[in-house]
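Please keep the sequence and the structure at hand while reading.

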Amino acid sequence: MPTLRVMPMPSDANVHGDVFGGWIMAQVDIAGAIPAARRANGRVATIAVNSFLFKQPVFVGDLLSFYADVVKVGNTSITIAVEVYAERNRLQADTVKVTEATLTYVATGEDRKPRQIPPLEAIEAFSAGK
Ligand SMILES: CC(C)(COP(=O)(O)OP(=O)(O)OC[C@H]1O[C@@H](n2cnc3c(N)ncnc32)[C@H](O)[C@@H]1OP(=O)(O)O)[C@@H](O)C(=O)NCCC(=O)NCCS
């Protein structure tokens, strides 16, 4: 299941009429933050964009699906890989991979300082109401 699905509008286009890279980066950051915050069991801040590849252009009206997965968990940081696919013509199911990126998020407390990532078992127990 995609973490996020969104369709760019004309206001998201650059001067050439294709979708502005900064808009795509913002959506990737949002998509990556979702599994990061889940794994951190709380707020996270983006500390680094480790890699970002715009493989194919994105057009206004494409239906974009963002797949975001945890690839590494450190003491206070979580690294997420995000892949973005565009359905260009939904009637003909013409789908292409347009972007891939890796980002690192840091779990932060109310004081905005790094905090330890809780063990997975603690989150699962909390979710199960134990
Ligand atoms: C996020 C923040 C609180 C971290 O504080 P910090 O003192 O810089 O953090 P640290 O140096 O202790 O590093 C924290 C973690 O990030 C990792 N990290 C630091 N620099 C990194 C980099 N360039 N790339 C990847 N990971 C990095 C560290 O390895 C550490 O991970 P670990 O604990 O799992 O080993 C602080 O940098 C900050 O507030 N940055 C601004 C965040 C922001 O505004 N983001 C945009 C909007 S969300």
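## Strands and sheet

Strands β3 and β4 run antiparallel and are joined by 10 bridges. The model is a predicted one, in which local features need pLDDT of at least 70 and side-chain atom pairs count only at pLDDT 80 or more, while totals for chains, interfaces and linings use all residues. Residues are numbered from 1 along each chain as its sequence is written. Helices (H or I, at least four residues) and strands (E, at least two) are DSSP runs numbered from the N terminus, and two strands pair if DSSP finds at least two bridges between them.

A hairpin of 3 residues links β3 to β4. Within this pair, Asp69 has Ala81 of β4 as its bridge partner. Both strands belong to an open sheet of 5 strands, ordered β1-β3-β4-β5-β2 with antiparallel pairing. At its edges lie β1 (4–6) and β2 (44–54), each of which pairs on one side only. From one strand to the next the twist averages 25°. Angles such as this run from 0 to 180 degrees between N-to-C directions, with axes being lines fitted to C-alpha atoms, for helices over the stretch in contact.

| Strand pair | Bridges | Bridged residues |
|---|---|---|
| β1 and β3 | 3 bridges | Arg5 and Ser65 |
| β3 and β4 | 10 bridges | Asp69 and Ala81 |
| β2 and β5 | 9 bridges | Val49 and Leu103 |

## Helix and overall layout

In total the protein chain has 2 helices and 5 strands. Their order from the N terminus on is β-α-β-β-β-β-α. Helix α1 (residues 21–40) packs on the sheet and touches β1, β2, β3 (63–73), β4 (77–89) and β5. The direction of α1 makes about 45° with that of β3.

Along the principal axes, the C-alpha atoms of the protein chain fill a box of roughly 50 × 30 × 20 Å. Two residues are in contact if their C-beta atoms, placed from the backbone, lie within 7 Å. Of the contacts in the protein chain with a separation of 6 or more, 68% are between residues 24 or more positions apart.

## Core

A residue is buried if 20 or more other C-beta atoms lie within 10 Å of its own, exposed if 12 or fewer, and partly exposed in between, with C-beta atoms placed from the backbone. Buried residues account for 23% of the 130 residues in the protein chain. In soluble globular proteins, nonpolar side chains tend to be buried together. A nonpolar core is a set of buried Ala, Val, Leu, Ile, Met, Phe, Trp, Tyr and Cys residues joined through C-beta atoms within 7 Å.

The largest such core has 24 residues, and those with the most contacts inside it are Val28, Ala36, Val44, Phe66, Ile80, Val82 and Tyr105. Elements giving two or more residues to this core are α1, β3, β4 and β5. Leaving out residues up to four places away in sequence, Ile80 touches Gly32, Pro35, Ala36, Ala68, Asp69, Val70, Val71, Leu103 and Tyr105.

Val84 is in strand β4. Is Val84 buried or exposed? Val84 counts as buried because it has 27 C-beta neighbours inside 10 Å. Beyond its neighbours within four places in sequence, Val84 is in contact with Val28, Leu64, Phe66, Val98 and Thr99. Val84 and Lys97 are 13 residues apart in sequence and, from C-alpha to C-alpha, 5.9 Å apart in space.

A residue is near a molecule or strand if its C-beta atom, placed from the backbone, lies within 6 Å of it. The ligand is surrounded by 14 residues, of which the closest are Ala48, Gly74, Asn75, Thr76 and Ser77. Two or more residues of this shell come from each of β2 and β5. Strand β2 gives the most, with 4 residues.

## Loop residues with positive phi

Asn41 lies in the loop between α1 and β2. Its phi is positive, about 55°, although Asn41 is not a glycine. Asn41 counts as partly exposed because it has 16 C-beta neighbours inside 10 Å.

Arg112 lies in the loop between β5 and α2 (120–127). Arg112, also a residue other than glycine, has a positive phi near 65°. With 9 other C-beta atoms within 10 Å, Arg112 is exposed.
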